[in-house]
Structures are given as structure tokens and as C-alpha cells.
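Here is a structure to read together with its sequence.

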Amino acid sequence: MLAAKCSAPCSEATEEDMSKIGKLPVAIPAGVTANVDGQTVKVKGPKGALEVTLVEEIAAKIEGSELQVSMNGETTRHKAMWGMSRTLVANLVEGVTKGFEKKLEITGVGYKAAVQGKNLNLALGYSHDVIFPIPEGIQIVTPKPTEVVISGIDRQKVGQVAAEIREFRGPEPYKGKGVKYAGEFIFRKEGKKK
């Protein structure tokens, strides 16, 4: 096995191997207010307010209409956390301005979904319907009985809710029945031949 090449000693961070994502400033658009209080970054916009607490290896500061994320040191952990922390801050800004959305598709005879009050009612081939309570801060609509659209300002929560709904009846490989993400490729298998 070949050893990984390193232009500089691997324990030291140089300008060349710095995080490409971490270096990018996060633009604060008009109508959005951002506030940095120690390790906590708070963002408020037209769709609501969000906050994230950054790890102690990372610092954030506001410079004009931009939010800059930087490292407090040069260790491997500092470098590992830098890009992720910048992405978390960028997700806050995008969430309070545009929001996030996930689409699910339901395939199967008699399989369908409908929103009833504060619950999502799913008929997925079981002897009973699956009742999924819609969490706070999440909106779910069913434009068609075979389509579920999940939206909200918190990217993590939107993704988590979509994953939980998909888990009730994940797509199977023979007929492709079940709940899948829109555009998801399902590897199909051939059934037994008679």
C-alpha cells in the first residue's frame, strides 16, 4: 500500500491544505440579522430565527455584511471542524431566507399519504395505517397521494423527518415498492423464475 504524500509535515496546516470551504465568508443578505455571542451564532430572517453553537476550536466574527469562520489553532481537529462549522453557519442563513425542502415518492398498489390535521397518515401495505405526528417547525404537504413534500428552515430537522418517513417502508429491490427520495436510484433485482 502506498503511503499518502504530504507536501509539508502532515501535522502542520499550510496555506495549500487549508479548508477551501472554511475560507469562504458567509454573505449576510439584506433583511437578515446575524449576531455572534461567544461560540453561539444567531441568525434571524424573514422565515424565522435559528442558532448554532460552534465547537471551541472554531471562532466566528462579523465583518461588514459577511460572517467569517476561522480556526483557533492548527491541529488536525481544528482543520476537520473548520469546513463543517462554516457549512452549519451557511445553512442557518439559507434556512431563514429560502428554507429547505425534501420530496418523497411512494410506489405500490394502494400505497398513499395524506395530511390529516397535525398528522401524516400513511397507507403502506400494513394491516394498519401509519400515523406520523408532524414535528414543530416542519410543514408537510401531499400534492398527490403518492408524493410527500417536507419543508422547514432547519436543514437537519427536514432531513431527519424525511429519513424517518422513508424508514416506515423503505423501497424493496424486486418491484420497487415503498417510500423513496425523489430522484433516488433503486438497484433492482430479478425475482425467481418459474
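Q: How do you know that β9 and strand β10 (residues 130-133) are paired, and in which sense?
A: Two strands pair if DSSP finds at least two bridges between them, and β9 and β10 are joined by four bridges in the antiparallel sense, so they count as paired. Within this pair, N119 stands opposite P133 in β10. The hairpin of β9 and β10 has six residues between the strands, and G125 takes a positive phi near 85° there.

Q: What kind of model is this?
A: This is a predicted model, in which local features need pLDDT of at least 70 and side-chain atom pairs count only at pLDDT 80 or more, while totals for chains, interfaces and linings use all residues. Residues are numbered from 1 along each chain as its sequence is written, and side-chain values use heavy atoms, with hydrogens and water left out.

Q: What makes β9 a strand, and why is it called mostly covered?
A: Strands are DSSP runs of E with at least two residues, helices are runs of H or I with at least four, and both are numbered from the N terminus; β9 spans residues 119-123. Buried means under 20% relative accessible area, and four of the five residues of β9 are buried.

Q: Which strand joins β9 in the other hairpin, and how many bridges do they share?
A: Strand β8 (residues 112-116) pairs with β9 in the antiparallel sense over five bridges, with A113 standing opposite L122. Two residues lie between β8 and β9 in their hairpin, and G117 in the turn has a positive phi of about 65°.

Q: Why are β11 and β13 described as standing at the edges?
A: The open sheet of four strands has the order β11-β12-β7-β13, with antiparallel pairing. β11 (138-144) and β13 (178-181) each have a single partner strand, so one side of each is left without a neighbour in the sheet.

Q: How do you know that β7 and β13 are partners?
A: Four bridges join strand β7 (residues 100-107) to β13, and the two run antiparallel; one of the bridge partners in β13 is G178, which faces T107.

Methods:
Buried < 20%, exposed > 50% of the residue type's maximum accessible area, 1.4 Å probe, protein only.
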